[in-house]
There are 2 protein chains.
Amino acid sequence: MSASFAYATPRPRLEILPRPVGPAYADPALSFEADEEIFAEGEPARYLYRLVSGLVRSCGFDAEGRRYIDRFYRVGDVFGIEDSAEHEFSAEAVTDCVVVPWRRRAVEAEAGRDEAVAKLLLGMATQAMAKARAHARLLARASAPQKLAHFLLELTPPGAGELELAMARQDIADYLGTTIETVSRMLCQLEREHVIEMPVARRIRLRNRAALAALAG
Amino acid sequence: MSASFAYATPRPRLEILPRPVGPAYADPALSFEADEEIFAEGEPARYLYRLVSGLVRSCGFDAEGRRYIDRFYRVGDVFGIEDSAEHEFSAEAVTDCVVVPWRRRAVEAEAGRDEAVAKLLLGMATQAMAKARAHARLLARASAPQKLAHFLLELTPPGAGELELAMARQDIADYLGTTIETVSRMLCQLEREHVIEMPVARRIRLRNRAALAALAG
DNA sequence: CGAGAGATTGACTGCGGTCAAAAAGCGTGG
DNA sequence: CCACGCTTTTTGACCGCAGTCAATCTCTCG
C-alpha cells in the first residue's frame, strides 16, 4: 500500500459511561472515538456489542494492507457475532460511538434458559447471513455504477430523500470493493445526470430514486 | 444473455425414497436429477434441506439472466435457512442428489423446546454467515488467479491432493464472479506453472499446495 | 487565514470480459 | 467397438471498464 492513505490510529480510550438499564449479560457501555478499534481480527470473540450511537465498520486487511469493509453497523445493530472463537473481522468506530458489550458466554447461557433470547440470537445470525449473502452477490456481479446506486439506496430509508454520509469515500470504496477515484467518478456522474445532488461531498440528496433503482437492477 | 448457454431445465420428478431414521420434523427423502431445481428464489421457505448425497448450488439470476452462485452445499450440509419468509436464492442439484426436507415450522418449534436443536440451528446460521462473509471478502478483493487458488484450496481437504470437480466451468465462474474463459485460462496457467495437473478437465491434482496458498494470499 | 486531510479530475494502463473459433470429451447408437 | 454429434473446454484476438498514478481543488479545522 502507498503511504498516501493513513488508516485508523487506534488510541484505546475506553471511557466507562453510566450503566443503562439492560439485560443481565450486558456490561457497562463503552465509548470510542472516530477511527478507534473496538476489536481486532483474530482476537478472542468474548463479547457481542450493541451499538447505541454512532456508526461502526466491520473490516479486514489483506497481505498488501488493503482494507475490505464487510459491513456498516448502525444504531440498534448488534455486531461481533461469530461462528468461531475469534473475530474474523475487526470492528472500528467510523464516528464517535457508544456500544454496550454483551458477554458472549452469558448470552449463550441465557439463550439456553430463555427461548426469547435464543430466538433473538438466531434472528441476528440469520439476518447477518442474509446481509452478507446480498453483499457478496453485489460484489460478484455489479458494475461500479450499479454498486454505487445500490449503496445509496441501501443507506436511504424509503421515506427520506436526503442523507448525511458519516463515512469517507475510502470507506465506501472498501465496502464496494472498488477505489475512491471510482466512487468519486460515479457520484459526480450521477450528479451530472441529475439523479442526485451533492451540495457538499458528505451530503447527498436523491433527486431521482427511480433512476437509481433502475441502475441498481 | 446469449443463447449459447442453456441453464437448468427443471423437470420435477420428486421420487419418494424409503424414509430413513430421522428427527420428528423430517419428511421423507427426495431425490433430484442433475440440474433440477430444488426450490426457487422468491418461493416460500417452508423447508430446510439436509443433503444426503450429491452436490447442490445456491444461486440467483439477475435481470440480464446472468447467474450468480452463492454457495455449494456438500453432503451433510443443511441449506434453505433464511432470514425472511421466502428463499433469497434458488437451490439446484449440480449432480443427482438426495435431500431430507425438514419442516421449518416444526424445526423452529422444536428449537423452542429442545436446547440442542436451538444450538444446532444457531450453529448452522452462524456458519452460513461466516461462509458468506468470507465469500464476499474474496469477491471484493481477489484477482482472478487468487480466486481460483482460493477455490481449489476450499475444495481440497487438507489431506487429499486430488479432487474430482462435480461442477462445470460455468458453475465455478458464476461462484467466483468471473467467466468460464477466465476460469479456463487460470487453470491452464496453473498447470503450465506445475502448480496443478489436469489429466482431464474435471480432475485436478494439486502438485504444489504451498504455491496455491501463496497465491490465495 | 493557513495547513492538511479529503475529494475530484485527468491521463494512461492492464486485467479480465466479450466474441469467435477450434479442440477435446463424452454419450449414443449403429 | 467405432463413428458421429453434441456439449464442454480451451485458445486467441480484441476491447472496455475500472484501477493506478499524479495533480489539482475544496473543504474543515485549528
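This is a predicted model: local features need pLDDT of at least 70, side-chain atom pairs count only at pLDDT 80 or more; totals for chains, interfaces and linings use all residues.
Local features are reported at pLDDT of at least 70 and side-chain atom pairs only at pLDDT 80 or more, whereas totals for chains, interfaces and linings use all residues. Residues are numbered from 1 along each chain as its sequence is written, chains are lettered from A in the order in which they are written, and side-chain values use heavy atoms, without hydrogens and water.

**Interface**

Contact, defined as heavy atoms within 4.5 Å, involves 36 residues from chain A and 36 residues from chain B. The two chains bury about 3400 Å² between them, 55% of it on carbon and sulfur atoms; buried area is the accessible area (1.4 Å probe) lost on putting two parts together, summed over both. Arg133(B), Arg137(B) and Arg141(B) supply 25% of the area that chain B buries against chain A, more than any other three residues.

Polar contacts are pairs of N or O atoms within 3.5 Å; within protein, one must be able to donate a hydrogen and the other to accept it, and residues adjacent in sequence count only if both atoms are side-chain atoms. Across the interface, 15 residue pairs are in polar contact, both residues at pLDDT 80 or more. On the side of chain B that touches chain A, at least two residues each come from E5 (56–61), E6 (67–73), H2 (115–141) and H4 (169–176). Helices (H or I, at least four residues) and strands (E, at least two) are DSSP runs numbered from the N terminus. H2(B) gives the most to this side, with 18 residues.

**Salt bridges**

A salt bridge places a side-chain nitrogen of Lys or Arg within 4 Å of a carboxyl oxygen of Asp or Glu. Two examples follow.

| Salt bridge | N to O distance |
|---|---|
| Arg133(A) and Glu82(B) | 3.9 Å |
| Glu92(A) and Arg57(A) | 2.7 Å |

The pair within chain A links distant parts of the chain, with Glu92(A) in strand E8 (residues 90–93) and Arg57(A) in strand E5 (residues 56–61), 35 residues apart.

**A sheet of chain B**

Three bridges join E10(B) to the antiparallel strand E12 (residues 203–206) of chain B; Glu164(B) has Arg203(B) in E12(B) as its bridge partner.

Terms used. Two strands pair if DSSP finds at least two bridges between them.
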